[in-house]
Amino acid sequence: MIGNIVRRDVVDSTNEVAKELVAEAVAPWTVVVAEKQVEGRGRSGRAWVSPRGGLYLSVIVQEDLQRLPMISLTAGVAVVDTLRDQALKATIKWPNDVLIGGAKVAGVLVEGIVGPQTYWAIVGIGVNSDFALEALPRQIRENATTLRHELGGRVDNELLLQSILDSFQSSYPAPGEERSVVARYNEVCSTLGKEVRVETNRGIVNGKAVEVGASGFLMLETKNGQRMELAEGSILSEG
Ligand code: BT5
């Protein structure tokens, strides 16, 4: 499935380049890879700091918009499984932070767009791979790590790219066959079982994280035993 790989040196954001390609009629499963981003994006208007040496990619897939949360889970699982193959103890913090030892090493941003004839998902993945931790601003560094820092040596971004793409493609669920990737997500999600404090666009909620569903929601159990589904949010603290 993985098709053409479009390689760029410096871009604003690989997701943005991918969107331009969709507007020009692109083949599904085209991948955009850049060496550096100057306007790397996170969720909700946040920034993804993207120095040279990191891996920045966007996979362009044709997808129904309601499957985007599912595709985001799949991308997180692909990154975790790739890192685990290298004996790194990677986990996911809901919804899409890939952590090693509690520090963020990668993030996923899936954006949906309406193309000329169909819907598209731009699956953006950023990995702090082959650069020193010091390349990140101090404030971010406190909660982040890089593969070079974890492994104590250089990282081959080309091999990493191929492994992530292989893993993403092999985990990618056909409609109706989402169960195994959701199960895998729940296995590697370090948020589950913890008391969490989550910032949502409806305010802050507290509860015990129980599970993540196929539509990407986090099921929380509040103190009075009520269950609550969160479609989006950022975890402020995990107990
Ligand atoms: C994410 O957002 O984690 C999604 C990151 C997706 C980046 C990829 S790179 C390829 C593609 N093209 C793009 O433009 N984006 C995608 P979020 O969960 O909102 O986390 C953002 C927060 O993570 C920031 O507010 C910082 O606190 C922190 N952060 C920023 N840069 C970081 C880095 N390099 N390493 C660790 N943490 C970082």
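Which residues does K194 touch, not counting residues up to four places away in sequence? The first view below takes up this residue; the model in every view is predicted.

**View 1. K194 in the loop between α6 and β8.** K194 lies in the loop that leads from α6 to β8 (195-200). Leaving out residues up to four places away in sequence, K194 touches G207, K208, A209, E238 and G239. K194 has a relative accessibility of 25% and therefore counts as partly exposed, since that class lies between buried, under 20%, and exposed, over 50%. From K194 to V210 the C-alpha to C-alpha distance is 8.1 Å, and the two are 16 residues apart in sequence.

**View 2. P175 in the loop between α5 and α6.** P175 is placed in the loop joining α5 and α6. With a relative accessibility of 66%, P175 counts as exposed. P175 and G203 are 28 residues apart in sequence, and their C-alpha atoms are 33 Å apart in space.

**View 3. Buried residues of helix α6 and the elements packed against them.** Helix α6 covers residues 179-188, and its residues V181, V182, Y185, N186 and V188 are buried. These buried residues pack against helices α2 (68-85) and α5 and against strands β4 (90-93) and β9 (203-212).

**View 4. The packing of α2 and α6.** The axes of α2 and α6 are 9 Å apart and form an angle of about 55°. The crossing of α2 past α6 is left-handed. On the α2 side the contact is made by M70, L73, T74, V77, V80, D81 and R84, and on the α6 side by V181, V182, R184, Y185 and V188. By class, the residues of this contact are eight nonpolar, one polar and three charged. V181, V182, Y185 and V188, which take part in the contact, are among the buried residues of α6.

**View 5. The packing of α2 and α5.** Here the helices pack at an angle of about 130°, with their axes 8 Å apart. This makes α2 oblique to α5, because the angle falls between the perpendicular range, which ends at 115, and the antiparallel one, which begins over 145. The crossing of α2 and α5 is right-handed. From α2, the residues I71, T74, A75, V77, A78, V79, D81, T82 and L83 meet L160, S163, I164, S167, F168 and S171 of α5. The contact divides into nine nonpolar residues, five polar and one charged. T74, V77 and D81 of α2 meet α5 and also take part in the contact with α6.

**View 6. S167 in helix α5.** S167 belongs to helix α5, residues 157-171. S167 is buried, with 13% relative accessible area. Apart from neighbours within four places in sequence, S167 is in contact with A78, D81 and T82.

**View 7. The buried residues of helix α1.** Helix α1 spans residues 14-23, and T14, N15, V17, A18, L21 and V22 are its buried residues. They lie on the same side of α1, because they cover an arc of only 160° around the axis. In an α-helix, residues three or four places apart point the same way, because there are 3.6 residues a turn. The cover over the buried residues of α1 includes strands β1 (5-11), β2 (30-37), β3 (55-62), β6 (103-114) and β7 (119-127).

Methods. Residues numbered from 1 in each chain as written. Predicted model: local features only at pLDDT ≥ 70, side-chain atom pairs only at ≥ 80, totals over all residues. Heavy atoms only, no water. Helix = DSSP H or I, 4+ residues; strand = E, 2+ residues; numbered from the N terminus. Buried < 20%, exposed > 50% of the residue type's maximum accessible area, 1.4 Å probe, protein only. Contact = heavy atoms within 4.5 Å. Axes fitted to C-alpha atoms, helices over the stretch in contact; angles between N-to-C directions. Left-handed = near helix turned anticlockwise from the far one by under 90°. Nonpolar A, V, L, I, M, F, W, Y, C, P; charged D, E, K, R; others polar. Arc of directions from axis to C-beta. Parallel < 35°, antiparallel > 145°, perpendicular 65-115°, else oblique.
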